[in-house]
Amino acid sequence: MPDTPDKSLESWIWDAACSIRGAKDAPKYKEFILPLIFAKRLCDVFDDELNRMAKETGRSRAKIFQFLEYDKKLVRFYLPLEPKNPDEPVWSVIRTLSDKIGEQLTTHLRAIADANPLLKGIIDRVDFNATTHGVRDLADDRLSNLIEAISAKRLGLNDVEPDIIGRSYEYLIRKFAEGSVSSAGEFYTPKEVGLVMARIMNPEPGMEIYDPACGSAGLLVKCEIVLDEKMKRQSCANYLPLKLHGQEYTPETWAMANMNMIIHDMEGRIELGDTFKNPRFRKGNRLQTFDRVVANPMWNQDWWKETDYDADEFDRFPKGAGYPGGKADWGWGQIILASLKENGRAAIVLDTGAASRGSGNANANKEKEVRRWFIEQDFIEGVIYLPENLFYNTTAPGIILVLGKAKPRERKDKLFLINASGDFTKGDPKNYLADDAITRIADTFNAWREEEKYSRIVTREEIAKNDFNISPSRYIHTGEGEEYRPISEILEELEELEKEATQTDAELKVILAKLML
């Protein structure tokens, strides 16, 4: 697996998760586990702030508790948890619960949310006393084990830096993704893919970054991490952080995103709702636009029909581009393009089929026509073909589609393609991109550097000759003397051909029926 920043912390965080019913069942309880680890971090940081104030003022902790009751703004998050002995850790209020643990824990977390509007709906979403058909979802004895396991490590300001606890928290989210394959893609993008995207986006201080399908906010976090690394290399200590914005459809995942941001010590605005039907980031009656957009929307969504596109009030789906058909990959492309400033750029993870579906077929294809519009408007900077078996809800490789509204003159009417299908290290259960692969992909793309059997600059004319297929595997052959085409891509084309054959048969029957009259 990829190198990890703090093995002992990550081992502890996973062991805590497994304390309920073991590794196999841990992902089922992520809604209980994540808020508790988040609460532990809040408690330990609050303790550190109490101790700092006591030392600076020469007052007792008991007196500092009284001060904070009158002025809660002295700390970032005020926790209405005071141990019987004020010198005891704040977390001890939770750790010493012995009766009606689920009920009392829920009450404490709701009190924290009431005292901190920013945590409303985030830390208090879960009812630790919930039942299903009269049986507790998480019995008190198992909850007690979880609390005790979480108590084994301190997560204060002097114990772990925000980046380390944040990465460990994301490690836990990844482990949950490994164990819940059916829904993992809805909340987790492999961190290496996120780092590639962030390095290609190359954010600058103060930029506004947006993810319209943000899941657990990992892609937004990666952009801030990449900026921090760049500023550190430049020996720049004072700079504006990024302005992070995200929207997420699922309430549980929305809460996860907010916790992830806070635990990384980052600030941003995460909205809840369906970006397609109700984009929450607006300026008046118009869409808010951003310097950079990063996204990994659910692939091949078929929820939306042509009438839904026509009903859009924000001109995100221009008539000239057309309706992308039954799969929404290019619909997301249109949403993201409309969310960019005039010089904005975006990196989007899509199914590989989005790069080629419909190309080479005799019949008209709506998805190909939208792709053609993007190419003719010169909004595509390039495409990166990723290795297979990176993502947690599919073995398909996926692509990174890079959009740009204002290409440099020398890159006009050209696309840069990378076939990184071989840039992986074997892992269990998933492959991953090692550090050198992440660097190679990002640096090659940023430099538009051509390498044999790896990367190419392709003109719009050549793309048109290939019927607007922009899959890197079409133009960059990694094998010796023969073209490599992934099975997933071939299956996509066979599926499209079968649909076309069915449609042609139906049309032929109608014609024959008329001739028989």
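The side chains of K222 and E170 join in a salt bridge, with N and O 2.7 Å apart; the term means a side-chain nitrogen of Lys or Arg within 4 Å of a carboxyl oxygen of Asp or Glu. This pair links distant parts of the chain, since K222 sits in helix α10 and E170 in helix α7 (residues 162–179), 52 residues apart. Helices (H or I, at least four residues) and strands (E, at least two) are DSSP runs, numbered from the N terminus. Both K222 and E170 are buried, where buried means under 20% relative accessible area, exposed over 50% and partly exposed in between (1.4 Å probe, protein chains only).

A word on the source: this is a predicted model, in which local features need pLDDT of at least 70 and side-chain atom pairs count only at pLDDT 80 or more, while totals for chains, interfaces and linings use all residues. Residues are numbered from 1 along each chain as its sequence is written, and side-chain values use heavy atoms, with hydrogens and water left out.

Helix α10 also holds K230, whose partner E204 lies in the loop between α9 (191–201) and β3 (208–211). K230 counts as buried because its relative accessibility is 8%, whereas E204, at 36%, counts as partly exposed.

Now look at E224, again in helix α10 (residues 218–233). E224 is buried yet has no salt bridge, and the nearest side chain of opposite charge, K230, is 11 Å away. Here Lys and Arg count as positive and Asp and Glu as negative; His and the chain ends are not counted.
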